[in-house]
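Please read the following notes with the structure open beside you. They are arranged as numbered points, and each can be checked on its own.

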Amino acid sequence: MSAAPARATACRWCGRPLGALQQRNGDACGEAACRWRADRERRREQALHALQRCRDAAPARQRAGLAAAPVVWIQPLEAAQVELDDDERAEHLDFLMRVAAAPQDFTRDAVHAYPARAQRAHAADAPVCGLCAGRCCLLGRARHGFIDGPLLLRRAAAAGGSLAAAAAWYAARLPPRHVRHSCLYHGAQGCVLPRAARAPVCRGYACEALHDARAALATPGAGVLLAGWHPDAAGAMPQVAWLRAGARAERTPAAGGDAEARRRRGRPHPR
Ligand code: SF4
Ligand code: SF4
Ligand SMILES: [Zn+2]
């Protein structure tokens, strides 16, 4: 018979001695910061176990690849849709018209750090950004979708019209509903702007998770396990997709156990 594991006598996080009740409940003291860290750690362990259950439940033909693949963790955005109201629409149109009137006054350094010409999307982009649901588009809310003078000039040149017409074209692309707290162009199916009409930063930005997934797929035949999970979502199962170089993303069977996972699974590339 194996001995019961020894109880912790000091807080794992701050080192304070633990009372008898605290020792029975775990290894954290009563401080809010320590309890928060302990909860987070517990959820991380639950997620790792859930991930292992996903690997175990996968069809035999997937198992060796799943066991060997590195894991890229992604925090999916809670992409609830809200109405775009008249005030937001009017404010955005006003901004666009001000850009059209003085395009030289509206340039964005962040935008111009990325190539102006559209680059081809990497094979990892659609599955990774699809699982994420476009967290980086939250930044587009306060920045008017990163629209600026050079972008309007480009649109006007491509369409052969005036800057005011280009501004009106962008205003007319606003969807009736968009993702709460996110860019006004962040619709139910992702960005509603055609890829070529998006700002360079929208086409070029890649977060660390996306960089990691792209790097993992650089070797022919290599795979990566995408695990969508939020550390503050108590009890939530990771949504897991297995992506291999040159192959479509495959969902492991255990990934789609709840309605939220099914909803996200159907979501296309948001950016
Ligand atoms: S680059 Fe893709 S994965 Fe990264 S935050 Fe943006 S949408 Fe999400
Ligand atoms: S990709 Fe589209 S939705 Fe995202 S920030 Fe850019 S314009 Fe907005
Ligand atoms: Zn403590």
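1. Histidine 144 sits in the loop between α6 and α7 (149-159), where helices (H or I, at least four residues) and strands (E, at least two) are DSSP runs, numbered from the N terminus. The model is a predicted one, in which local features need pLDDT of at least 70 and side-chain atom pairs count only at pLDDT 80 or more, while totals for chains, interfaces and linings use all residues. Residues are numbered from 1 along each chain as its sequence is written, and chains are lettered from A and ligands numbered from 1 in the order in which they are written.

2. Most residues other than glycine have a negative phi. Histidine 144, although not a glycine, has a positive phi of about 50°, and phenylalanine 146, which is found in the loop between α6 and α7, has a positive phi near 65°. Just after α6, alanine 133 also takes a positive phi, of about 70°.

3. Are histidine 144 and phenylalanine 146 buried or exposed? A residue is called buried if 20 or more other C-beta atoms lie within 10 Å of its own, exposed if 12 or fewer, and partly exposed in between, with C-beta atoms placed from the backbone. Histidine 144 has 20 C-beta neighbours inside 10 Å and therefore counts as buried, and phenylalanine 146, with 21 C-beta neighbours inside 10 Å, counts as buried as well.

4. The protein has 11 helices and eight strands, and buried residues make up 32% of its 271 residues. Two residues are in contact if their C-beta atoms, placed from the backbone, lie within 7 Å. Among the contacts with a separation of 6 or more, 67% are accounted for by residues 24 or more positions apart.

5. The buried residues are Pro127, Val128, Cys129, Gly130, Leu131 and Cys132.

6. Which residues come closest to ligand 1? Of the 14 residues that surround ligand 1, the closest are Cys129, Cys132, Arg135, Cys136 and Cys207; a residue is near a molecule if its C-beta atom, placed from the backbone, lies within 6 Å of it. Helices α6 (125-132) and α10 (208-216) each supply at least two residues of this shell, and α6 gives the most, with three. Ala, Val, Leu, Ile, Met, Phe, Trp, Tyr, Cys and Pro count as nonpolar, Asp, Glu, Lys and Arg as charged, and the others, Gly among them, as polar. By these classes the shell around ligand 1 has 11 nonpolar, one polar and two charged residues.

7. Around ligand 2 there are 13 residues, of which Cys137, Gly140, Cys183, Cys191 and Cys202 come nearest. This shell has seven nonpolar, four polar and two charged residues.

8. In α10, the buried residues are Ala209, Leu210, Asp212, Ala213 and Ala216. They cover an arc of only 160° around the axis, which puts them on the same side of α10; the arc is that of the directions from the helix axis to the C-beta atoms. What covers these buried residues includes β1, α6, β6 and β7.

9. Strand β6 (residues 223-228) and β7 pair in the antiparallel sense over six bridges, where two strands pair if DSSP finds at least two bridges between them. Glycine 228 stands opposite glutamine 239 in β7. Strand β7 (residues 239-244) is mostly covered, since five of its six residues are buried.

10. A nonpolar core is a set of buried Ala, Val, Leu, Ile, Met, Phe, Trp, Tyr and Cys residues joined through C-beta atoms within 7 Å. The largest has 31 residues, of which Ile74, Val128, Ala213, Val224, Leu226 and Leu243 touch the most other members. To this core α2 (32-57), β1 (71-74), α6, α10, β6 and β7 each supply at least two residues. Apart from it lies another core, of 19 residues, among them Val99, Ala166, Tyr185 and Ala199.

11. Valine 99 lies in helix α4 (residues 86-101) and is buried, with 25 other C-beta atoms within 10 Å. Leaving aside neighbours within four places in sequence, valine 99 is in contact with Phe106, Ile147, Asp148, Gly149, Leu152 and Ala167. The C-alpha atoms of valine 99 and alanine 167, which are 68 residues apart along the chain, are separated by 7.9 Å.
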